[in-house]
Amino acid sequence: MSDFLQELSHLETKDKDVVTLYNEISELAMRECVKRIAAKEQRNAYYLSMEFLIGRSFYNNLMELGVLEETKRILAEKGVDINVFEEIEDAALGNGGLGRLAACFMDSAAALGLPLYGYGIRFRYGLFRQRIEDGFQKEYPDNWQRFGDPWSIRREEEAREIKFADYTALAVPYDVPIIGKRVNCLRLYQAEGCAEAEKISEYLYPADDTEEGKLLRLRQEYFFSAAAIGELVDRHAKLYGNHFESFPKYNTIQLNDTHPVLAIAELVRLLTANYRVSVPKAVEIAKQTFNYTNHTVLPEALECWREELVRKILPDIADILLKLVSLQKRELKRTALSPAQCADLVFYDKGVFSMAKLAIWCSSAINGVAALHTEILKKTLFATAYSVYPEKFQNKTNGVTKRRWLMLNNPELSALIDGAIGTTWREARADHSALKGKVTLLEDDFIAVKREKRRQLFAYIEEREGVKIPEHFLVYAQVKRLHEYKRQFMTALAILEIYDLIKSGAVTDFRPSLFLFGAKSAPSYVRAKGIIKFINEIAKLINGDEQVNKLLRVVFVQNYDVSYAEKIVAGTDVSLQVSTAGLEASGTGNMKFMMNGAVTCGTLDGANIEIVEHAGKENNYIFGATVDEIARISDSYDPNALLAEKPLHKKAVESLIDGTLSDGGTGCFAELYNALTQGASWHEPDNYFVLYDLESYVNTLLAINRESGEQKTFARKQLYNVASSSFFSSDRTIMDYAENIWHIS
Ligand code: 26V
């Protein structure tokens with residue numbers, strides 16, 4: 001028995017509240033973790049990311065330590081149900097996919113025994129807590145530390161000074177052990193010093209973009225990038241003296257999107273200012289050290305910084321950036337590129353620095369996050385760069401950790417897999433595709449598992465939202481950040497049409513179904529908030545209709561987060577992944593659903609394409625325009641002509657303005673209506689092709705509903721998805737990064 005279990009069995013639990021117990025047990029477990037933290041290797045990989053969306057650590061860490069079951073038993077003997085700790089909320093230090101991916105990657109690297117170290121910010125407040133009030137999203141601060149933070153260690157002695165023009169902030173590291181075959185660390189810096197300094201790590205920006213509080217955002221980006229680079233440079237100097245040409249031999253750095261790209265300038269600044277390295281040499285070193293992952297093709301999300309803004313708080317960095325621009329221009333002059341091509345590559349134009357272009361120029365490897373996305377980067381967004389440096393471009397299709405997203409959240413399905421193919425699939429990198437051969441034998445068992453996970457999900461929804469869903473309902477779910485390109489709006493219109501079809505008797509034999517939504521909108525994203533209200537009004541209409549609510553229900557859960565996701569992906573039958581083709585870089589929710597045996601109802605976008613390649617088109621439901629089709633039709637697309645032709649669409653869309661549904665007098669529904677029919681100053685009508693794909697979407701949802709009636713056939717499709725999901729394990733993704741970008745073992 002490990003020390004932990006021994007101490008746990010002696011722990012006094014009587015009269016202690018949940019928070020106290022949580023902290024005491026976590027601290028005991030933490031002692032084990034700290035003992036196991038590995039020393040750094042000679043060559044290490046570093047993952048710089050503004051966001052790490054870890055979710056709840058308690059159960060995950062006990063599982064990783066191999067003591068979860070024993071802990072459950074010991075606590076039960078003391079009369080404590082281990083589930084009480086679900087009351088403790090999780091740390092939401094990320095907005096969505098990008099931050100959760102970073103957490104999955106840390107988990108996989110530890111499981112594989114690879115030296116990968118994460119660097120980010122220890123935000124005082126994570127992503128806002130969302131409540132739905134009268135159908136509207138309301139935001140409240142997420143003070144996650146109010147329960148304590150037993151899973152990190154403050155390393156005050158390793159604090160570093162980060163200098164801005166107006167003040168100096170202290171970056172104090174908090175190390176979060178990441179447990180696996182190897183115990184790595186995620187290092188999150190907290191900003192301390194004067195009151196202004198403390199603001200740097202106060203809030204995670206709830207927009208994925210850069211529109212809000214630009215100056216503070218810039219400070220945040222420089223703050224953690226500079227702290228990480230400072231540490232690596234000092235360590236190198238200590239171990240190898242002033243021989244920085246060997247820096248890339250020992251350090252490889254992954255830039256998670258453009259947020260940490262100032263790390264490049266900081267490395268050049270330190271090497272030139274403190275170690276007498278020339279600018280060209282420093283750039284050579286940077287080029288061999290850095291790698292860049294792009295996570296979106298949406299132009300409005302690609303970060304640019306005005307020189308004036310950079311100069312205001314980081315004058316030295318502004319100077320370095322301009323020196324880099326001159327060097328880049330000189331370098332380009334020596335090539336045979338046309339002036340237009342050169343202009344397209346230079347990372348400075350009209351007083352603005354492009355972080356993506358700087359990253360492309362100064363990285364060894366550039367990657368997209370799904371096959372289609374990487375092709376789009378090569379063909380359109382970064383076409384010039386690809387023509388010049390084709391060798392830099394790689395694809396790394398995203399993945400999710402099967403430990404959190406299958407073993408931990410779905411022990412019932414995991415046990416089914418164990419029974420069918422043994423337990424070796426649980427090991428890192430191991431594959432569970434042997435399950436494919438057993439699918440027919442396991443139909444009934446799988447149906448029972450799904451029923452149980454649905455029951456657990458509905459019980460949780462009842463507790464959290466106060467709505468009761470009958471147990472036999474089929475579950476369609478769309479859970480993800482709220483963005484127009486993800487088209488929750490299209491799902492809402494499809495539901496309205498299905499409601500109409502049921503009510504008019506045009507559709508009969510409809511299998512009772514729940515449409516489940518979970519999504520946070522950036523607080524300033526007015527239209528996205530209008531869509532949330534629209535969904536909630538539809539829910540009110542349908543759930544309150546006694547004639548239809550035995551067949552159709554709609555629920556929008558509040559405060560969708562990692563812990564909610566763990567339950568939703570396990571209890572869902574149909575995963576809705578319906579972005580406009582070409583716009584969802586990858587998606588990772590789609591993979592979690594697949595792993596838990598939901599069929600995908602989706603467009604040929606992001607990783608959906610690879611999901612159906614692996615699990616078969618016949619086991620999933622693909623509809624809608626492809627990237628090529630959208631490109632072909634977009635110039636001539638006329639949503640109003642479509643509305644005139646399709647009375648069902650017209651009726652659904654007009655519910656926004658004909659009094660069927662109320663926006664509480666805010667005008668947000670008329671704004672949504674106009675977005676589809678008239679466009680706005682910044683876009684054409686229906687720029688996400690909602691109406692273009694709506695008919696095929698409704699038909700596909702209905703086809704799924706019909707086919708799900710053939711319970712065993714449908715269960716086979718679902719289970720085939722589980723059996724085909726090994727490719728989407730982040731263990732596979734991380735091995736690929738390790739072998740082909742980082743060169744670590
Ligand atoms: C930001 C913005 C801001 C302006 C409005 C449009 C827009 C669209 C997307 C974003 C997100 C930027 C970065 C991001 O989170 N990307 C997500 O990364 C995931 C992990 O690779 C990937 O699975 C998602 O498809 C991708 O959206």
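This is a predicted model: local features need pLDDT of at least 70, side-chain atom pairs count only at pLDDT 80 or more; totals for chains, interfaces and linings use all residues.
Since 6 of the 6 residues of S18 (residues 474-479) are buried, the strand is largely enclosed by the rest of the structure.

S18 has pairing partners in S19 and S21. With strand S19 (residues 513-518), S18 pairs in the parallel sense over 6 bridges. Strand S21 (residues 574-577) also pairs with S18 in the parallel sense, over 2 bridges. Tyr 476 takes part in both pairings: this residue stands opposite Phe 515 in S19 and opposite Val 574 in S21.

H31 is mostly covered, with 10 of its 13 residues buried. The buried residues include Ser 730, Asp 731 and Thr 733, as well as the run Ile 734, Met 735, Asp 736, Tyr 737 and Ala 738. Ile 741 and Trp 742 are buried as well. The N-terminal end of H31 is capped by Ser 729, which places a side-chain oxygen 3.0 Å from the backbone nitrogen of Asp 731. After the helix comes His 743, with a positive phi near 55°.

Helix H7 (residues 214-240) contains Ser 225. The relative accessible area of Ser 225 is 0%, and the residue is therefore classed as buried, the cut-off being under 20%. When neighbours within four places in sequence are left aside, Ser 225 is in contact with His 259, Pro 260 and Ala 263.

The ligand has 20 residues around it, of which His 295, Asn 398, Glu 584, Ser 586 and Gly 587 come nearest. A polar side-chain atom of Glu 584 lies 2.6 Å from an oxygen atom of the ligand. For Ala 585, a backbone N or O atom is 3.4 Å from a ligand oxygen atom. Gly 587 likewise contributes a polar backbone atom, at 2.8 Å from an oxygen atom of the ligand.

Key
Residues are numbered from 1 along each chain as its sequence is written. Side-chain values use heavy atoms; hydrogens and water are left out. Buried means under 20% relative accessible area, exposed over 50%, partly exposed in between (1.4 Å probe, protein chains only). Helices (H or I, at least four residues) and strands (E, at least two) are DSSP runs, numbered from the N terminus. Two strands pair if DSSP finds at least two bridges between them. A polar contact is a pair of N or O atoms within 3.5 Å; within protein, one must be able to donate a hydrogen and the other to accept it, and residues adjacent in sequence count only if both atoms are side-chain atoms. Contact means heavy atoms within 4.5 Å. A residue is near a molecule or strand if one of its heavy atoms lies within 4 Å of it.
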